[in-house]
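Here is a briefing on one protein model. Look at the structure first, then read the points by topic.

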Amino acid sequence: VGERLTWLQVFFPSVDGMPEFFTIDSLTLRTPSLHLHWLQSKVVVLSKNEQASVIDPYVREDQAETEIVSLGKAQLVFHSRFGSGGHLSYHQSISASGKYIFFLGLNQLFAGHLLTCSERISALVESDQNLEALSLSLEFYEDRVGLSLETPDEIKQLRPQLATTIQKLLVRYLNAELRNILGSSNEPKDSLNLKLKNLSNTCIDYSQRIGLTDVLFADILITF
């Protein structure tokens, strides 16, 4: 169990010599960890309260750890034979192969994998989290995403595609919010006007950020 993760480089001065270790970087985890596992070029960390997060060792500390996913309902198998102070071991219940990581639960085997840029955005859209999808798309567009399967150069090549995605998501978000706002018949007029103003400001901001203000005078203006 620990809260500090340190990256070491192993150097062998000669074939028969003892290895030398050099500290490259270190990271303070949000919660104490129980298990670490490499998944491709990332590290999956299982915390003491059975929450998993993904860490990229190649980015700066404030962006290294992504959002946390709870695995409590999976009821992961563990043992405490060699532990002390209530420490648990998940060494036999977590494994990775290729792009997949497997978690052994009491009742079934769970599998997961890291999502690409487009897969992460699509997952938010499918769950009707349109504003979150917009925000993530803009973070990728402006290269502000700390953890990504794509390299910085690959993200730059995706910028035109991301701009198109943001335009489509903006219209989708606008239509969904207008339905909610106009459907609030019992809400005071001042409150409705404020929501419409905030919605228009969001549309203007996103259009300016991607440098495609023509969308404001096309689908968005027609919708308003």
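Is Arg209 buried, partly exposed or exposed? At 35% relative accessibility, Arg209 counts as partly exposed. Buried means under 20% relative accessible area, exposed over 50%, and partly exposed in between (1.4 Å probe, protein chains only).

This is a predicted model: local features need pLDDT of at least 70, side-chain atom pairs count only at pLDDT 80 or more, and totals for chains, interfaces and linings use all residues. Residues are numbered from 1 along each chain as its sequence is written, and side-chain values use heavy atoms, with hydrogens and water left out.

Helices (H or I, at least four residues) and strands (E, at least two) are DSSP runs, numbered from the N terminus.

**Salt bridges**

- A salt bridge here is a side-chain nitrogen of Lys or Arg within 4 Å of a carboxyl oxygen of Asp or Glu. The count by this rule is four.
- Glu142 pairs with Arg209, with the closest N and O atoms 2.7 Å apart. This pair links distant parts of the chain: Glu142 sits in the loop between H3 and helix H4 (152-157), Arg209 in helix H6 (residues 189-209), 67 residues apart. Salt bridges with shared partners join Glu142, Asp205 and Arg209 into one network. Glu142 is partly exposed at 25% relative accessibility.
- Asp56 forms a salt bridge with Lys42, and their closest N and O atoms are 3.9 Å apart. Asp56 lies in the loop between strand E4 (51-55) and helix H1 (61-64), and Lys42 in strand E3 (residues 42-47), so the pair ties together parts that are 14 residues apart in sequence. Asp56 is buried at 7% relative accessibility. Lys42 is buried too, with a relative accessible area of 4%.
- Arg172 and Asp128 meet through their side chains in a salt bridge (3.4 Å, N to O). Here helix H5 supplies Arg172 and the loop between H2 and H3 supplies Asp128, 44 residues apart. Arg172 is partly exposed, with a relative accessible area of 36%. Asp128 is exposed, with a relative accessible area of 57%.

**Helix H2**

- Cys117, Arg120, Ile121, Leu124 and Val125 are the buried residues of helix H2 (residues 117-126). They cover an arc of only 135° around the axis, which puts them on the same side of H2. The arc is that of the directions from the helix axis to the C-beta atoms.
- Helix H3 (130-141) and helix H5 (159-182) are among what covers these buried residues. Contact means heavy atoms within 4.5 Å.

**The E6-E7-E8 sheet**

- Three strands form an open, antiparallel sheet in the order E6-E7-E8. Strand E6 (94-97) and strand E8 (109-113) are the edges, and each pairs on one side only. Two strands pair if DSSP finds at least two bridges between them.
- Neighbouring strands are turned by 25° against each other on average, direction ignored. The axes are lines fitted to C-alpha atoms, for helices over the stretch in contact, and angles run from 0 to 180 degrees between N-to-C directions.
- E6 and strand E7 (residues 100-104) pair over four bridges. Ile94 has Phe103 as its bridge partner in E7, and Ser97 has Tyr100.
- The hairpin of E6 and E7 has two residues between the strands, and Gly98 takes a positive phi near 65° there.
- E7 and E8 are joined by five bridges. Tyr100 has His113 as its bridge partner in E8. The hairpin between E7 and E8 runs through four residues.
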